[in-house]
Amino acid sequence: MAPGLIRSPAVLAIRCVNLRKRYADVVAVDGLHLEVRAGECFGLLGPNGAGKTTTIEILEGLNRADEGDVEVLGMRWGADDNALRQRLGIQLQETQLNEKQTVEETLQLFRSFYTHGEALDTVLARVQLEPKRKAQVGKLSGGQKQRLSVGCALVGRPDLLFLDEPTTGLDPQSRRQLWDLLEDFRRGGGTILLTTHYMDEAAALCDRLAIVDKGKVIAQGTPLELIRSLGAEHMLDFTIEGPALAIEALQGLAGVQSARITDTGYSVTTSSTHQAVPALLGLIGESGGRLTLLNTHSATLEDVFMSLTGRHLRDE
Amino acid sequence: MNSPFVQLTLVKLREYTREPEAMFWVFVFPVLMTCALGIAFRDSSSAEIQVGVLQTASAQAGAAQDAAAVVATLDADPRVAAREVTGDRAASLLRDGEIALVVIPGAEPGSVSYRFDKTRPESGVARFTVDEVLQRAAGRADAFVPEEQLVELPGSRYIDWLVPGLLGMNVVMTGLWGIAFSIGMARTKKLIKRLSATPMRRGHYLGAQLAGRLIFLPLEAGVLIVFAHYVFGVPVRGSWLLLSLLIFLGAVSSGALSLFVASRARSFEAISGLINLAIVPMWIMSGVFFSSSNFPDVIQPFVQALPLTALNDALRAVMLAGDGFGAVAHEIAILSAWTVICFGLALKIFRWQ
């Protein structure tokens, strides 16, 4: 397939239909559908244990689905494995690269597997590890190790990059560096599929998202579309002292779309804060209670997940 | 340089060179072991026979035979070293092997008892040597005097027999541990899974594990052979080329066995257990320290099929007897079969994910 063809947005890089995977007593993936267009960055957002890793490993050809149909770059696992592997860049969540090898040696090893790979210097520059090229992997920081891991995925000059929780455990600066690196890859025309449980990462990187829970896609769209699906752009979280408020009363307030009771207090969605806040204060005053905390913020993907499942993305 | 096979071999090689402890076990340990065993089992036939002569109550009373006189008689013979011992000491010295025999002088001239353990070969020798000395001193005449033709044949001593066995054991054990362990490490770190996500050919990975093992082999085996040759005079009578071929086959067959052993195991513990399962029978039965013919006929087919037995037999044949290719063809066939079968099985059942 010519590079021009794959980069046209109409072409699908990944198509997977009705994917199912069962382990001994757990259903990890339960009828999952997914379409990733060539040239986009697509995110699977969901809490730990939602089936994201199983899904991505099936797409990477490292795991086999019980049911369902998977097409990657127009090819299928089992028939075109070697041709597919030549065009995929993969970063796994738990890989620890050999600590006794240097950065350069590690990249050289991975480079040797690909017929049309990238020059080592180019990759080193992209992942900002030139000063560390002679350093042993064991001596790198967490962020540097992670960039090297992405470097190993890029060294084969892939059309499609798979990343499983790429920034878990990294400090904010290292995350930022990794995001820039991925942005760079996408500008070069590459396609990315990544999993994450960070809503800010999904919002910052992804053109489109699928929110995954219990092995299913429960919502899909651009980050903005998903947030708009709440029907409101702002959230009011508050706690009170005094008698409890009725949800119906909250929902009846001017400017309020919906209201819920949360672990700590109440959460209200609204499209006009300037109407909802005075109305809310009035309601609390009438009931004889006292407002102890009020927090307003723009709606996020976290709120989308909450409204869909009633749970937090990161359940402790 | 950029072929995947070369790169994978280099990785394996650096694992050795960047781990000083690994170098110690591969190079220094076998030499130390040979040295220790060589000293323990060095040619001891020229040493004097240690004999104790018991001080008896009658001797102290001035009887015809007192212990001091017996000691003097025995000491006059260059083969024997005698000392006086008391009753308590005699038992403990005999038990500890410091003396081979206790001579108990009797009250009458010519009445002597020998106390010894007949299962100890040196005690048997001591009994006859001491007896001969005392009989002659008492006036026995030899019926004839034989002439002695003394020869010393390097190649028939225990150390000569031991060194090929140690060489074989070392080659096989390094192969078994070195490969399986690094595969176990790579698997628990999910590195093997990561590699399997690239277009890497599976045979390249397994082949590189063997190749990396072979690079240091000439040095590793060479150090031991040269050391044994110059320090203990252990001979290499056969062809060096054939000897090299045998060592090479010993390394690849044990390496292939190691790949097979490590092909499914998920943890270090499982791998250690499996390696021990493979090593212990060979350690005991393959004729490293004592001949494998000591085992009953029923299990001989099993003993003979072990790669280390084949390797040790062939190494001894070439080093000590100077045998040629034809004489060790059978052993070469056994080692080759182990290599091909284990590598093939490993490639087929290896757990990549």
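The model is predicted. Chain B holds 15 helices and 4 strands.

**Overall build of chain B**

- Along the principal axes, the C-alpha atoms of chain B fill a box of roughly 95 × 40 × 40 Å.
- Of the 353 residues in chain B, 40% are buried.
- Take the contacts in chain B between residues at least 6 apart in sequence: 77% of them join residues at least 24 apart.

**Contact between chains B and A**

- Chain B puts 19 residues into the contact, and chain A puts in 20 residues.
- Two elements of chain B give two or more residues to the side that touches chain A: α1 (4–17) and α8 (191–196).
- The most comes from α1(B), which gives 5 residues to that side.
- By class, the side of chain B that touches chain A has 8 charged, 6 nonpolar and 5 polar residues.

**Helix pair α9(B) and α11(B)**

- Two packed helices are described by the angle between their axes and the distance between the axes.
- Helix α9 of chain B spans residues 202–215, and helix α11 of chain B spans residues 240–261.
- Their axes come within 10 Å and cross at roughly 140 degrees.
- Angles over 145 degrees count as roughly antiparallel and 65 to 115 as roughly perpendicular, so α9(B) and α11(B) are oblique to each other.
- The crossing of α9(B) past α11(B) is right-handed.
- On the α9(B) side, the contact is made by L206(B), Q209(B), L210(B), R213(B) and L214(B).
- On the α11(B) side, A251(B), V252(B), G255(B), A256(B) and L259(B) make the contact.
- By class, this contact of α9(B) with α11(B) has 7 nonpolar, 2 polar and 1 charged residues.

**Residue Q353(B)**

- Q353(B) lies in the segment after α15 (325–349) of chain B.
- Q353(B) has 13 other C-beta atoms within 10 Å. A residue needs 20 or more to be buried and 12 or fewer to be exposed, so Q353(B) is partly exposed.
- Leaving aside neighbours within four places in sequence, Q353(B) is in contact with K193(B) and S196(B) of chain B and with L62(A) of chain A.
- The C-alpha atoms of Q353(B) and A126(B) are separated by 67 Å. Along the chain, these two residues are 227 residues apart.

Note on methods
Residues are numbered from 1 along each chain as its sequence is written. Chains are lettered from A and ligands numbered from 1 in the order in which they are written. This is a predicted model: local features need pLDDT of at least 70, side-chain atom pairs count only at pLDDT 80 or more; totals for chains, interfaces and linings use all residues. Axes are lines fitted to C-alpha atoms, for helices over the stretch in contact, and angles run from 0 to 180 degrees between N-to-C directions. Angles under 35 degrees count as roughly parallel, over 145 as roughly antiparallel, 65 to 115 as roughly perpendicular and the rest as oblique. A crossing is left-handed if the near helix is turned anticlockwise from the far one by less than a right angle, and right-handed if clockwise. Two residues are in contact if their C-beta atoms, placed from the backbone, lie within 7 Å. Ala, Val, Leu, Ile, Met, Phe, Trp, Tyr, Cys and Pro count as nonpolar, Asp, Glu, Lys and Arg as charged, and the others, Gly among them, as polar.
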